Amino acid sequence: MNSTKPVVPEPLADETLSSWMWRVNSQIPIISHVRFSSPEGEIKNRDSMELWAERFEDRDLLNENVYVELFKKTFNISQSWLSERFPEFSRPTIPTQFRRAFCSQCFMASFEQVGTPISKVQWFYLTKPFCDLHHIPLHDSSIFFINHDDYTIQAFVSYWDEPKFKENCDAICDVWRMRNSLALKAQQRLHKLTRLASKSGQSFNVQMFMVTLMRAMMSPALHHGYPRIAFHHWGGSDPYAGLGFHGDFYQEIYRSTSLARVYALYFSAIILGWITSEQARKTLHEGYFSPWSTDAIWSILDKTSGILSLLFSELKLYETSYLNLKSMEIPKLIRIRYDA
Ligand SMILES: [Zn+2]
């Protein structure tokens, strides 16, 4: 009887599982009043739940989405068909309760192609705050993915309807053009390194080395170097609020805005020597208070109690021949003190 089963639309390149499932269900309804998940309240509550190690189901993972079995039966699709199209994430990701980044140009392109905006997996990756395809910083929706089954539609509509939202997105691309371009190059360089490292099974460590640097660069001691707009809607409708030393270090990267991740990547690239102080100095008109040399960044971090010992102990866990402390330019005294 298989021939009578409806033909399921193919997912687009890099489309997320939940985006595809919502799209299929809107064309061929098999679940009425779909609830893939339920709202968990404001992000602050979710923060504290996460700090207490609460686990949130990830509806973009095949083994965590409860509706996958129903789709398999209805459309007669196999596990291997699904696994091929929706592989496991290949990079450290933003946890499901904090996801809200999107690329407006990708939304537009998919809207033209299939009549619905779609979401992409690459937007979850912590070390990819730029769209791979359009090379623009991702935007942060005021709509949270976890609260809406039709997240892509809601985010698309809010992009057009919310006062000044689109204008702010355009401004981010224009005002920080030079820094965006340097940070994008760092994202691309890391991507290449990660692919190289995957041959020896070290891609996770390469990614985590960068994530760890980015965590340190998000420390409040460096916030004066970020554009103010990077702190808008940090953690949903709540204003920015610190979570305490360890909470800040580990959590901020997840709930931060995409622009904050752009800056964390930018400063990490300076400290790695990927962006020279000469290049960074030329961008000062895009933000006069941003540190532009490795020495300046190390000295700011050195004045913040606890951060360097935490940073070095974490970085040592993820050293590889691709990214390591030895090849970084670290002031001698700091190197001796932390045995780096
Ligand atoms: Zn895009």
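Start your tour by selecting His-134: at a relative accessible area of 25%, His-134 is partly exposed. Here buried means under 20% relative accessible area, exposed means over 50%, and partly exposed lies in between, with a 1.4 Å probe and protein chains only. The model is predicted, so local features need pLDDT of at least 70 and side-chain atom pairs count only at pLDDT 80 or more, while totals for chains, interfaces and linings use all residues. Residues are numbered from 1 along each chain as its sequence is written, and side-chain values use heavy atoms, with hydrogens and water left out.

**Stop 1: the zinc ion**

The zinc ion has its protein donors in Cys-103 (SG), Cys-106 (SG), Cys-131 (SG) and His-134 (ND1), which lie 2.1 to 2.3 Å from it. Donors are N, O and S atoms within 2.8 Å of the metal (3.2 Å for Na, K and Ca); water is not among the atoms, so sites may look incomplete. Along the chain, these donors follow the spacing C-x2-C-x24-C-x2-H. Cys-103, in the loop between strand S1 (101–102) and helix H5 (104–114), and His-134, in the loop between H5 and strand S2 (139–140), are 31 residues apart, and the pair links distant parts of the chain. Helices (H or I, at least four residues) and strands (E, at least two) are DSSP runs, numbered from the N terminus.

Which geometry does the site of the zinc ion have? The site is tetrahedral, with angles of 105 to 114° among its four donor atoms. Four donors count as tetrahedral if all angles lie between 85 and 135 degrees.

Are Cys-103 and Cys-106 buried or exposed? Cys-103 is buried, at a relative accessible area of 0%, and Cys-106 is buried too, at 4%.

**Stop 2: the cavities**

Next, look inside the protein, where there are two cavities of 30 Å³ or more. On a 1 Å grid over the protein atoms alone, a cavity is a set of points where a 1.4 Å probe fits but cannot get out, and a pocket is an open set with protein on both sides within 12 Å along at least five of seven lines; lining residues have an atom within 4 Å of a point. Grid points are joined across faces, edges and corners, and a volume is the space filled by probe spheres set on the points.

Select Ile-94, Trp-123 and Phe-124, which are among the residues lining the largest cavity. Its volume is about 70 Å³.

Then select Thr-16, Trp-22 and Asp-149, which are among the residues lining the second largest cavity, whose volume is about 40 Å³. Helix H1 (17–27) and helix H6 (151–161) each supply at least two residues of this lining, and H1 gives the most, with three.

**Stop 3: the largest pocket**

Move on to the largest pocket, which holds about 330 Å³ of space. Select Asp-140, Phe-165, Asn-168, Ile-229 and His-233: of the 20 residues that line the pocket, these are the closest to its centre. S2, helix H7 (165–175) and helix H11 (258–272) are the elements that give two or more residues to the lining. Which of them gives the most? H7 does, with four residues.

**Last stop: Leu-196**

Finally, select Leu-196, which sits in helix H8 (residues 177–198). Leu-196 counts as partly exposed, at 43% relative accessibility. Select Arg-59 as well: its C-alpha atom and that of Leu-196 are separated by 30 Å, and the two residues are 137 residues apart along the chain.

Technical notes:
Tetrahedral: all angles 85-135°; square planar, octahedral: opposite > 155°, others 65-115°.
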